[in-house]
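Open the model in your viewer and keep the selection tool ready. The stops below say what to pick next and what to look for there.

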Amino acid sequence: MARWRTDEPEGAVTDERLWLARREFLRLGAAGALGLALPRPSAADDGPTGAVLPVTRRVDLAGGERPTPWGAITTYNNFYELGTDKEDPARNAGGLRPRPWTLTVDGEVHRPLTLDVDELIRRFGLEERIYRMRCVEAWSMVIPWVGFPLAALVRLAEPTSRARFVAFRTLLDPGQLPGQRRAVLDWPYVEGLRIDEAVHPLALLAVGLYGRVLPGQDGAPIRLVVPWKYGFKGAKSIVRVSFVERQPPTSWSRLAPSEYGFYGNVNPAVDHPRWSQARERRIGEFFRRPTLPFNGYGEVAPLYAGLDPRSLY
Amino acid sequence: MAAPGGGAGGAGARGRRRWERPALLAACAVPFGKMVVDGATGGLGANPIEQVQDRLGFWALAFLVLSLAPTPAQRLLGVAWPVRLRRQLGLLAFFTGLAHFSWYLGVDQFFDLRLVAADVAKRPFMAVGMATLLLLLPLAVTSTDRWVARLGFRRWKALHRLAYLAAALGVVHFAWRVKADERQPLAFAAALGTLLALRLLPRRGRRRAAPRSVVGQP
């Protein structure tokens, strides 16, 4: 990517920009004529970039909705290790070295593992899963992830009968993740799932986006995706997966226990102190839409039978 | 908000051409112009509605805190020209704050008054934001020379000290809105704290200076 950029003749870049500007100008003119000159989402979206991943299966689990553009998914990120503004991660991801990358699986397992992320990809194979992603900040996207079920990794590690939770840990390296130089959160970022949540077929370890290798700002090389939970549950740039007996601490609930719980299940009926969770804005749309319980993935409801849904935010 | 600096910014300034106000308007056009340009070119990012909301809030608070700077600048540094901008800065703060609220009401929530009412009632940061704007309303209304005369300078000045309270509430509103990274709210708090401290300082200086010049003090 960086090499490609230096090799690119400068004239070509300027032309592209002019072309985009002209296209934008025309679009704006048309919108203005209709009295609809509303702010537009990022225009600088040249489509997916990066190495293509071998995908064997595609599953649409977002009800046929059109995926959010690549440009939005890769420039509007909450990844505080790379900065706290939405645009920071895309700007600061250059220092993150996602290859080679080893993932350690330890704790209450019969087979502790230390595996290279590409080895994991070869072993499990990859599928595309189009999921809705709902952030606790009341915005949402539709994201075509590429990855493998978390359950596959759990099976490989063979948890012991004492393993009741799975804990995830993000890389701790302020050199690669400059946001860790300030104690905005208690680094490294930690997240967790109950083991029955972890083996639910919807829980995914993602290594790609739009058929390409996952960009740094989206949590390269490997991140958790749990579509029925708020986005903060999806730990990024994971280096360790530990099977434990007791409920592990999670970063946001440690910072503000009254605002973030362990479960983080999407629930329109339970408000966050800063945001009503009743509705959400799909990135790229003007009107807010109602938020669905479990982000529309009601099939996970049996996991929480007998538990007070108000405790599951 | 705008207090006539003992006549220095009032009648004396009128009639003559002044560079300060056009310069201020030009400077203010920069953040708003940038918003328009960014809006047209995709520079507002993937969530432009939220981005405009945040920028309007930022500038409302920035203008409000800036409007508190001319008085200490005059008292401590003897620089008079910023005082002539105080009223405009205060009005800019009010109208930018009004735009910030209107954007939330009309664009972000699309006039869903039931949800807006619930938001204000349930969320302390929203209630504090509303209180800030409501507090600025009487100051904006009474910002004219006629209102200064009607209230009498002493009472008018006391009323307009509410600007400090409004700025403090604005900082609280910002700090409670932020999830974890409090750098910007803290910077505003530090600026406001400094300005407030400077306002309390000159009392000693004035007492010392009193025997030399009693006439002409504001």
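A salt bridge here is a side-chain nitrogen of Lys or Arg within 4 Å of a carboxyl oxygen of Asp or Glu. Two notes on reading come next. This is a predicted model, in which local features need pLDDT of at least 70 and side-chain atom pairs count only at pLDDT 80 or more, while totals for chains, interfaces and linings use all residues. Residues are numbered from 1 along each chain as its sequence is written, chains are lettered from A and ligands numbered from 1 in the order in which they are written, and side-chain values use heavy atoms, with hydrogens and water left out.

**Stop 1: salt bridges in chain A**

Select Arg134(A) and Glu280(A). They form a salt bridge, with the closest N and O atoms 3.0 Å apart. The pair links distant parts of the chain: Arg134(A) sits in strand E4, Glu280(A) in strand E12 (residues 279-282), and 146 residues separate them. Helices (H or I, at least four residues) and strands (E, at least two) are DSSP runs, numbered from the N terminus. Both Arg134(A) and Glu280(A) are buried. Buried means under 20% relative accessible area, exposed over 50%, and partly exposed in between (1.4 Å probe, protein chains only).

Now widen the selection. Glu65(A), Arg134(A), Glu280(A), Arg282(A), Glu285(A) and Arg289(A) are linked in a network of salt bridges.

Next, pick Asp186(A) and Arg254(A). Their salt bridge has its closest N and O atoms 3.9 Å apart. This pair also links distant parts of the chain: Asp186(A) is in the loop between strand E6 (165-170) and strand E7 (190-194), Arg254(A) is in helix H8 (residues 251-255), and they are 68 residues apart. Arg254(A) is partly exposed because its relative accessibility is 39%.

Move to Arg194(A) and Asp196(A). Their side chains meet in a salt bridge at 2.8 Å, N to O. Which of the two is buried, and which partly exposed? Arg194(A) has 13% relative accessibility, so it counts as buried. Asp196(A) has a relative accessible area of 30%, so it is partly exposed. Over all chains, the whole structure has 33 salt bridges.

**Stop 2: two loop residues of chain A**

Select Thr68(A), in the loop between strand E1 (57-60) and helix H3 (70-73). Thr68(A) is buried because its relative accessible area is 3%. Its side chain reaches the backbone nitrogen of Val142(A) at 2.8 Å. Show contacts (heavy atoms within 4.5 Å). Leaving aside neighbours within four places in sequence, Thr68(A) is in contact with Ile73(A), Met141(A), Val142(A), Tyr210(A) and Ile283(A).

Then take Leu126(A), in the loop between helix H5 (117-124) and strand E4 (127-134). With a relative accessible area of 2%, Leu126(A) is buried. Beyond neighbours within four places in sequence, its contacts include Leu53(A), Pro54(A), Val146(A), Phe148(A) and Val207(A).

**Stop 3: chain B on its own**

Colour chain B by secondary structure. How many helices and strands does chain B have? The count is 11 helices and zero strands. Of its 218 residues, 46% count as buried.

Select helix H3 (residues 70-77) of chain B. Pro70(B), Thr71(B), Pro72(B) and Ala73(B) are buried there. Their cover includes H2, H4 and helix H10 (183-200) of chain B. Just after H3(B), Gly78(B) takes a positive phi of about 70°.

Now find Leu91(B), in helix H4 of chain B. Its relative accessibility is 21%, so Leu91(B) counts as partly exposed.

**Stop 4: where the chains meet**

Show both chains. 32 residues of chain B are in contact with 34 residues of chain A. Ala46(B), Arg123(B) and Lys179(B) supply 27% of the area that chain B buries against chain A, more than any other three residues. Buried area is the accessible area (1.4 Å probe) that two parts lose on being put together, summed over both. Between chain B and chain A that area is about 2,700 Å², and carbon and sulfur atoms give 52% of it.

Count the salt bridges between chain B and chain A: there are seven. For one example, zoom in on Asp108(B) and Arg281(A), whose side chains meet in a salt bridge at 2.9 Å, N to O.

Notes
A polar contact is a pair of N or O atoms within 3.5 Å; within protein, one must be able to donate a hydrogen and the other to accept it, and residues adjacent in sequence count only if both atoms are side-chain atoms.
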